[in-house]
Amino acid sequence: MNDLFIAGNQHKYILSPQKRNRDTLTALFFLIPTLIFFFIFIIYPIIQSLYYSFFNWKGFGPAINFVGLRNYEKILTDSVFAKAVGNGLLIVVLSLIVQLPISIALAIMVRNDMPGRSFFRTIFFMPFVFSESIAGIIWVSMFKPDPSIGFLNAIWTLIPGVKPLEFLGDTSQVMMCVFIALTWKYLGFHMLLYMAGLANIPREIEEAAIIDGASNWQIIRNVTLPLLSTTIRTSVYLSVLGSLQQFGLIWIMSKGGPVNASETMAIYMYRFGFMRLALGYGCAVGVILLLICLIFSVSYQRLVKQQDYLGGLYS
Amino acid sequence: MTRKLSVILSLVLVCVFAVSSAAYAADKVTVRWWHIFTEESQKAVCQKFADDYMAANPDVTIEMTVMENEAFKTKLTTVMQGGNPPDIIHSWGGGVLNDYAKAGLLRDITADLDKDGWRDLYGAGALETYGAGGKNYGIPNDMGMIGFWYNTELFEKAGIKAVPTTWSEFLADVQLLKDSGTIPIAVAGQDKWPAMYYWTYLASRIGGKAAFDAAYDRTGSFADPTFVEAGYKLKELIDMEPFQDGFLGSIYNDEGGLVGNGKAAMELMGQWAPTVQADNSVDKKGLGDKLGWFPFPAVEGGAGSVADAMGGGGGFIVGKDAPDEAIDFLKFINTAEAQATMAKAGMVIPCAKGAEVGLTDPFKLQIKAAVDNAPYFQLYYDQFLPSATAQVINDSIQGLFAGTMTPEEVAQAIEDSAAEELG
Amino acid sequence: MTEKNTIQSWKKQNRRSLIFKYIVLIIIFLIVVIPIIMLIFGALKTRGELATKPYTPPIPPHFENIQKILNQPDFWNMLKNSLFVMLAATAGTVLVAAMAAFSFSRLNFRGKNLSFNVVTLGLLFPMSIAILPEYILLRQLNLLNLWGIILPEIAFALAGDILILRGFFMAIPVELQDASYIDGCTNLGFFWKILLPLARPSLSAVAVLAMINSWNELFLPIVVLNEERLYTLPLGTMQFSTEHGTDWAMVLAFVALSMIPTIIFYLFAEKQLISGLTAGAVKG
C-alpha cells in the first residue's frame, strides 16, 4: 500500500504488478459486453463482406463464382468510382475550410454572457436532431428550380435579369447544394463540440492577453485556437470519417446524380450492391471504403501524435 | 480462434435474447404476403381479402407486410439474398424474377395453373411475364402500357389540330408548343426511368420486335444501328430543349405536378399517370376533361408498328417455401371477382378475363384494349433485362439527356453490360 | 495604463463588435431556421398546395393532415415501438460504452491498445455496407423483431460513444481513484459509486446522441421488421407513398409530429449535454 503515497507518481503506481493483475481481470469483465457486440455485429459482417468481395455474386444462393481480385480491379479502374472518391474528398475539404471555421466562430460568438445566447445555441443545434432523410426532403424542396416552387430560386430571381438556377439538376451545382444541406445539418453538432472545448479554457489566460494589449483577432489566433487544438482534432476526425461515408442525405437529394455528379463511395456501393444486384462487387466497394477510412484513421493518429506527443487524439 | 469465439458469443446471445418462434400453434399455417398497396383504401381492400380468407379457412393465418416501393425493393433484395423468401410476393416480373428463379428461390406453379383451367384466366403474354425457362412462378395482377398523356387545352392553344402519329410530326408539335410559351414536356430526370421510356420506345419503333429479340438472345447486339439511331432520334428532341428547367434534378412527383397543374403540355407515362397528376394538383382533380392520351408515335421507315406496346404492371410470385395454402390464397385474390374489386378501387388494370367489369375509367379501358390488341407487347426494358443491365440503361440514357454521352456511347455501354449479363 | 482600464477599453471595443456579432448570428439563424419553418408550413398544407406553392405561409392552415395522423391507432403504436427501441438502445449503449470507456481510461491491462483499435473499427464501417451479413445473422439468431434493431444500434453506436466517454473519464482526477482505493473500494466499486455519478452529465450527453440516432434509424427497421405492429416511426411515412407518387403534405405532417418527442428530449437534455461536454473537456 505504501507505493500509493510516492508523491502521486502515477506512472509507477499504475504499473505496479498487483494493480495490473487486478486491472486485467476487471478490464476483461468490463470489456466483455463491448467485445460481444463488436464481434457479432461488426467484425463478423466485415469478415463476411471481405469474403464475398472475392466473388462475382448476385447474392442469391451460394457464392461459387470466385473471381479473385477482379472486383477490386474493376472498381479501381472505374471512372465513376474515381468520381465518387473525388466527391468524398471534396466534401472533406469543404468541411474543413468552410464548416469547421464557421462552427468555431459560432461557438466563440455564443460563448460570452450575451443576451439570447442559449436561444441561438438551441436553434443552431436543432437541425442535428433531424434525420438525414428528413433533412434531405426539406432541402430538396428548397432547391426546386421553378421559382414559384423553390424558395431559394424565388429569392435568387429577385435580382433583376438573372435566370433561375437549376441547382440539383445541374452537374456543376449539385455538389454545392448537397454541401449546403450537409453543413446545415452538422454545423450545430460541431459548434457544440467547440463550445465544450472553449468552456475548458480558463478566462484568465485570455484576460492576460488583453492586458498585454492584444486585439480580439490576436487573442483568438494566438491563445484560443491553440488551446482548442484537442477539440479541433476530434471534430476534424469525426468530420472526415462522416464525409467519406456520406450516404443518406445525398441519396435523398440527388441519388448521386445527375450523371454521377454527386456520387459518393457509399452511394456507389448501394447502387451496385442493391440496385444492380452485384453484391460481391458492392462488398468489395465496402472493403475499399473501410480501408480508406482505416488509412486515414491510422495516419491521422500518427500525425497528431507526432505533433503533440502528450495530447491524445480523443482526450 | 476468432471464429470459435464468435460462435460461443452468438450462442450466449441466443440464450439471452432469443424469442421463441413457436408463437403459432403447430397445426396453423401462416402465409406471408408482401405487397406494395400502401394507400389506405387499397390496403383495406387487401386486408379484407385476407380477413375473408381467414374466416373461411380458420387454420390459415395471412401475415401481410406492406411496404412502399423503394423500401420494398431494398427489403426484398436483402431477404431474397438471405435465402428466405416470403410466400406471396409483389413482382414486376422480367429480369429480377429470372434471377430469383435461377437461384431456386421461387416455387414452380406450372402444374397448379394447369389444374381447373386457372391458366385460361390470363392472356398468354401477360402470364409469360411471370415465368422463366418455360415454367410459371406467378400470375399477373395489373397490366398497362406507356403512352403520352397530354393537355388538350394547351395543345389547342398551340394550334395543334390532331395528335402526332409520327416522330417528325411529334417534333413539329413540340416546336409549336414551345412557341406558344408552354413547357412542351415534363420529365423526371433524377428518377431516370421516365427518361428511359423515350429511348426504349424509339428503339422498339425503329427496330421492332426482331431487333430487340436479336439483341436479347445475343444473335444481335445493343450496339446495332437500331439502338444507335434511337439515341439520335431522341437527341433531336433533347436538342430542342423541350423540358422544364432543371429537369435532371426532378423526381416523378414534380413531373406529375407540372402536367396536372397545366404547366407542362405532356408526359410519357404509364397507366397510373392521371392519379399522380391529380394528387399533385391544387384542386386534387388534375386535368379532368382536358386530359388526353395518344400512343407513342411511329418512326418513319421503322420496323415497329404504332400499335406495338411497351408497358408492364404488377403481379404476384410464389416463394420457394410457400405452403399449398399460399397458392390457394393466391387463387382467391386473383379470381375475376377479386380482380374486378381491385380494378374498382383503382389499384389495377386487371388481367383476369371477366374482370373488366370493374373498369369504368375510359382511359384505362382504352389502355386495356391497346394492350390486348398489341401485335408486340414489350415489358419495360428496365424490368425485362437483368438488374445490372437495366441500371446501365437508365444511367446511360440520363447521360444522353444531360448531354454527357453520345448515342453511340449509350448503345455501347448497354451492349457491354448485356454481353456480360446475358452472354 | 492600468489593468482595469485595458479591460474596460477592450470591453468597449467589444460592445461595438457586439452589434456586428448579432448581425452575423441573425443571418445564420435565418439560414438555419427557414428550412425548419418550411417543414412546419408544409405540414399545414394540402398536397396540392404543397406541390404548387410550398413556401408561402399556410393561410388558412389545414390541420386535417395532423388530425388524421393523430387519429390513427398505427401512429400511436409506432410511437410506442420507437420509444421502446430508443430507450432500450440508449440504456444499452450508455451502460456498455461506459464500462468499456472505464477500462480504456482508468485501467491498465495487456492488449489495451489492440482492443481499443478494434473498437475504433466501428467508426470506420457504416452499417449500410454490412446489411446483408447483418440480416442473415439476425435471422439465425431469431431476432427479426425490435431486438434486431436495438442490438445492432447499440453495436454501431458504441465506437463513437466510447471515444467520447473515454475523454471525459480521463478528465476525472486520478487522485479520486487513489483515494477510493485507500478507502477500500474495488475497481467495480469505484466505477459504480464514484465514476458514474461524477460523469452523469457526460453520460447524458452520450445518451442524447444515442437517442437521436436511434429515433432516426431507417435502414435497419426496413430490412428487419415484417409485421406492421412492430413498425417504428421512420417507417410510418411509407404509408403516404404509393408505387408512383408520394403525398408530401402527409409526409411532412407525419415528420413534424414525430419530431416532437426528440425535440422535447433534446430541450430537456440540452443543459446536461452542454455541461456534460464541458465537464469532459476539463482536462485540457
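A: In this predicted model, the contact between chain C and chain A involves 77 residues of chain C and 75 residues of chain A. On the chain C side, helix α1 (residues 3-43) supplies the largest share, with 17 residues. Sorted by class, the residues of chain C that touch chain A are 53 nonpolar, 15 polar and nine charged.

As for the build of chain C, its secondary structure consists of 13 helices and two strands. Its radius of gyration is 24 Å, whereas the globule rule gives 19 Å for 284 residues; the value is well over the rule, so chain C is more spread out than a compact globule. Along the principal axes, the C-alpha atoms of chain C fill a box of roughly 70 × 70 × 30 Å. Among contacts in chain C with a separation of 6 or more, 77% are between residues 24 or more positions apart.

Chain A also touches chain B. That contact takes 29 residues from chain A and 30 residues from chain B. Two elements of chain A give two or more residues to this side, α2 (17-52) and α13 (265-275). Of these, α2(A) gives the most, with four residues. The class counts for the side of chain A that touches chain B are 16 nonpolar, six polar and seven charged residues.

Conventions. Residues are numbered from 1 along each chain as its sequence is written. Chains are lettered from A and ligands numbered from 1 in the order in which they are written. This is a predicted model: local features need pLDDT of at least 70, side-chain atom pairs count only at pLDDT 80 or more; totals for chains, interfaces and linings use all residues. The radius of gyration is taken over C-alpha atoms; the globule rule is 2.2 Å times the number of residues to the power 0.38. Two residues are in contact if their C-beta atoms, placed from the backbone, lie within 7 Å. Ala, Val, Leu, Ile, Met, Phe, Trp, Tyr, Cys and Pro count as nonpolar, Asp, Glu, Lys and Arg as charged, and the others, Gly among them, as polar.
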